[in-house]
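My notes follow in the order I made them.

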Amino acid sequence: MQISKFMTPEIIFGNQSIAQIGESLRRLGATRVFLVSDPGVVGAGWVEKIIQYLLQQRLDYHLWTHVTANPKDYEIHAGVAEYRAHECNAILGVGGGSAIDAAKAIALLGTNEGSIVDYEGVDKIAHPLPPMVMVPTTAGSGSEVSQFSIIVDSARKVKMAIISKSLIPDIAIIDPQTLMTKDKQLTANTGMDVLTHAIESYISLAATPLTEVHSLQAMRLIARHLRPSAASQYNAEAKGAMAMASLQAGIAFSNAILGAVHAMSHQLGGYLDAPHGEVNAILLPHVLEYNYIAAPEKYRHIAECLGENTAGLSARESSRLALKAVKELSRDLDCPESLSAIGLVPEQIELLSAHALLDVCMTTNPRDMSAQDVAALFRQAL
């Protein structure tokens, strides 16, 4: 049996678990906390509540909210300057994947020199990071438990994948009640991101029994609960299930990495500043079909987890049901169905295809790809 490695932070899950934020930071040795969030989370009232938990533990803090949907290198550098100017010694990220990825990148440069672009790739971090607590408010990115931080290199218009076990937060606090302030479209977009994490981690070349159990359970939860979660902001059962799905898919992909969907969507996010979940929803069916020959039996399991009956069917027939289930879910959520709808034009495909091949997520895609293969998939999705 192959050697495998499995990493997670300490995880605190459940309604009102955000009340443990101050105590969690205090036991990590924090005294002055750099709180990273975004204007949407501030507007929803979560930051005000969290500040009260910090004050209850007599923790000083500095709030920084200058992060966009696809965090840029210059935003990170500005955040690091504030982190140092205010002499903070711990990081608290509250929000979706953008805020949490930014918080982790700021933590990286809080104790390591240079520019954030110097750390693109795998295991380039030399010095330990400050204590980190992450609190997701979307069921989507999984960044609160992952060894990834995705940041845009603004000069190249490329999303960089920075991967290191040093980026795994010390504590992840997942409170499903924070999902009740998300609108339908954000719920749909982030939910399709969770589905992509679950499927890509399951068929990844780096998947192991330790990751596969999380990938499969995340798919089951998504199939049952993403539609109801998008339909109602206040469906507590659906919110709790999607929070768990996001957590399990995040644990899976942090350890098994991802595949061509993410390698390609990173390029569109960097070049067009396109919403990550929407791009994944468009690309997923096309990449799934391409990858089928690499893992036919796994496609049967995907179809079954998504609620399809595969009894008596061949692997190929089961794979068609998996594709059908993914497409139907995306349509029910009113996700865009073409890349042209988010601004991609044919003239951009050659450059984006070349960049996608260099993305670290491509190394674990189960089927080999050339630049021509990637370009063909982009064109199919136009």
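I started with Ser-141, which I found in the loop between strand S6 (132-136) and S7. The model is predicted, and I read the values below with that in mind.

Is Ser-141 buried or exposed? I noted a relative accessibility of 17%. Ser-141 counts as buried because this value falls under 20%.

Next I checked what surrounds Ser-141. Its side chain reaches the backbone nitrogen of Ser-143 at 3.0 Å. Leaving aside neighbours within four places in sequence, I listed Gly-96, Gly-97, Asp-193, His-197, Ser-246 and Phe-253 as the contacts of Ser-141.

The largest pocket holds about 900 Å³ of space. It is lined by 43 residues, and those closest to its centre are Ala-69, Gly-96, Gly-97, Ser-98 and Thr-190. I wrote down the elements that give two or more residues to this lining: helices H2 (39-43), H5 (97-111), H6 (184-203), H9 (260-272) and H10 (276-291), and strand S7 (148-153). H6 gives the most, with 5 residues. Sorting the lining of the largest pocket by class, I recorded 21 polar, 15 nonpolar and 7 charged residues.

For the second largest pocket I noted about 270 Å³ of space. Its lining includes Lys-5, Met-7, Val-122, Asp-123 and Gln-147. The run from Ile-163 through Ser-164 and Lys-165 to Ser-166 also lines the second largest pocket, as do Asn-255, Ile-257 and Val-360. By class, I recorded 5 nonpolar, 4 polar and 3 charged residues in that lining.

How values were computed. Residues are numbered from 1 along each chain as its sequence is written. This is a predicted model: local features need pLDDT of at least 70, side-chain atom pairs count only at pLDDT 80 or more; totals for chains, interfaces and linings use all residues. Side-chain values use heavy atoms; hydrogens and water are left out. On a 1 Å grid over the protein atoms alone, a cavity is a set of points where a 1.4 Å probe fits but cannot get out, and a pocket is an open set with protein on both sides within 12 Å along at least five of seven lines; lining residues have an atom within 4 Å of a point. Grid points are joined across faces, edges and corners, and a volume is the space filled by probe spheres set on the points. Helices (H or I, at least four residues) and strands (E, at least two) are DSSP runs, numbered from the N terminus. Ala, Val, Leu, Ile, Met, Phe, Trp, Tyr, Cys and Pro count as nonpolar, Asp, Glu, Lys and Arg as charged, and the others, Gly among them, as polar. Buried means under 20% relative accessible area, exposed over 50%, partly exposed in between (1.4 Å probe, protein chains only). A polar contact is a pair of N or O atoms within 3.5 Å; within protein, one must be able to donate a hydrogen and the other to accept it, and residues adjacent in sequence count only if both atoms are side-chain atoms. Contact means heavy atoms within 4.5 Å.
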